[in-house]
Amino acid sequence: MLRRLALACALAGCAAPAAAQSAPPAPTPRLLVFITVDQMRPDYFTRWPGQLTGGLARLYGGGAVFTDAHQDHAITETAPGHSVVMSGRFPRGTGIVSNSSGVNPDPQTRLVGYDSVGSSPFRFRGSVLFDWIRTNDPRSRALSVSRKDRGAILPLGRAHQSVFWYAPNGSFVTSTYYADTLPAWVRAFNARRLPQGYAGKAWDLAEPASRYAEKDDVAIENRGRSVFPHPFPSTPDSAAAAFPSFPQMDSVTLQMALAGLREMRLGDGPATDVLAVSLSSTDAVGHAYGPDSREIHDQVLRLDRWLGAFLDSVYAGRDPSTVVVALTADHGVTPFPEVADPAHAAAMHVSDAALLRWLRDTATRYGVPAAAMAFEEGGLLRLDPAALVHAGRDPNAVASEFVALARSIPGVLRADLLADLARGDTVNDAVARRWVHMVPRDLPFYAAVTLRPGFAWGNRPFAEHGSPSDLDTHVPIIFYGAPFRPGRYDVFARTADIAPTLARALGVNPTEAIDGRVLAPAFR
């Protein structure tokens, strides 16, 4: 009952008690370090007792940790998740509904440092925390670094700041949305050719094998190639291209972020600066090997060590009271059905063939283009209402027929018209709430199909995410620094609450209406 009341209050935007609303003590932090670990599950902090001793342990042991935290939207993919964490708004407000409707391609931009069409936040709507900070003090600056373009771009929204991500040639690049040339410090970092240096080497265990309880030979993992050591390709160019699949990508990303921190002198001036780092190797390893693998165990141990060295470097020569750190994830992950429930694994792979066939046949029967009716990633039905009305068809009736068919498919938990979900119980019905939080009202989506928890669309040989199940929505939220009170807080929290909570710590206000609210228990 208490959790339900807390959830209702959170969704209604209840005000915190007056005492909790008081401003944090001076000085105002000069540096915000915002860390997003792609596909980080909260249980990775506690699954291997005594083995985490670095940066993850530091933040978990000394920070304000929200244990019931979620990406509270339905399509739990990288782009929507990154669009929420520093905007304080759900995807219905950011306009970022899926990876494919995220930051690329943007044909009006080119990459700088690699010959390809560019990426940009051209689909992103509204403001983010950095905009609020800069509105308060235009001297504030930001640097965002990631292996993925969407992981680097979306935390800063539309801000024209220093934003870099990894390219297949082994270098960090940006796009012409941000700059026409790479800064000298980025060119110098790329010239070190760190990824190419792994050619001919191998990823082996960081600790003795006796410290890993997980099996090292699981058929479903990495298409059957799951036994340590895992070799890098033998040539420098091929090693650079394959580098994002290995844990060492996180190490190089953190080194890149530190190089930028030093060269740009972030946090050394009178205004609050932002360093955003999105670390993608947990996602790469998790997809290939699953969350129950020996590989993910080793990945998290390595991340803990690298993050520890990174934080030591951030704090070196700085007054700790001027630095605030926040950590979260863009989504969780669903285990391989073959690992979670081997006896029923075949039935847990759900085919969308009947839905796709119905859409093709119906489009032909109605005389509309096939593109006018699409079942898109994450489980959304998109229709072209103008085309259907021109053909004398009611889009809502078409959507109702589609929902009826979807409900008959084994493995489907529910199929709903989005209009019905908006009228439902979004306090107690988490699935309905997450779909309502997902889709902007001006986009032509009509229905949503939700699988049973643990089930996955198709037979792709990867551990998946993207559903409104708690397996995919449950993420860590940690605040660390002088304004925050260390401890464990089991109140319901959303990643949309991170930006307003940090805004309170930094003494700034949102410049628009947002979905999140201040997590008052985090403050001293």
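Leu111 stands opposite Ser175 in strand 7. This is a predicted model, in which local features need pLDDT of at least 70, side-chain atom pairs count only at pLDDT 80 or more, and totals for chains, interfaces and linings use all residues. Residues are numbered from 1 along each chain as its sequence is written, and side-chain values use heavy atoms, with hydrogens and water left out.

Strand 7 covers residues 172-175; strands (E, at least two residues) and helices (H or I, at least four) are DSSP runs, numbered from the N terminus. Strand 3 (residues 106-112) pairs with strand 7 in the antiparallel sense over 2 bridges, where pairing requires that DSSP finds at least two bridges between two strands. Strand 6 (residues 162-166) also pairs with strand 7 in the antiparallel sense, over 2 bridges. There, Trp165 has Val173 of strand 7 as its bridge partner. The hairpin of strand 6 and strand 7 has 5 residues between the strands, and Gly170 takes a positive phi near 90°.

In a regular strand the side chains alternate between the two faces of the sheet. In strand 7, Phe172 and Thr174 lie on one side and Val173 and Ser175 on the other, and all are buried (under 20% relative accessible area, with a 1.4 Å probe and protein chains only).

The axes of helix 3 (residues 55-62) and helix 12 (residues 294-315) come within 5 Å and cross at roughly 75°; axes are lines fitted to C-alpha atoms over the stretch in contact, and angles run from 0 to 180 degrees between N-to-C directions. Helix 3 and helix 12 are therefore roughly perpendicular to each other (65 to 115 degrees). Contact residues (heavy atoms within 4.5 Å) include Leu56 and Arg58 of helix 3 and Leu303 and Asp304 of helix 12.

How values were computed. Parallel < 35°, antiparallel > 145°, perpendicular 65-115°, else oblique. Buried < 20%, exposed > 50% of the residue type's maximum accessible area, 1.4 Å probe, protein only.
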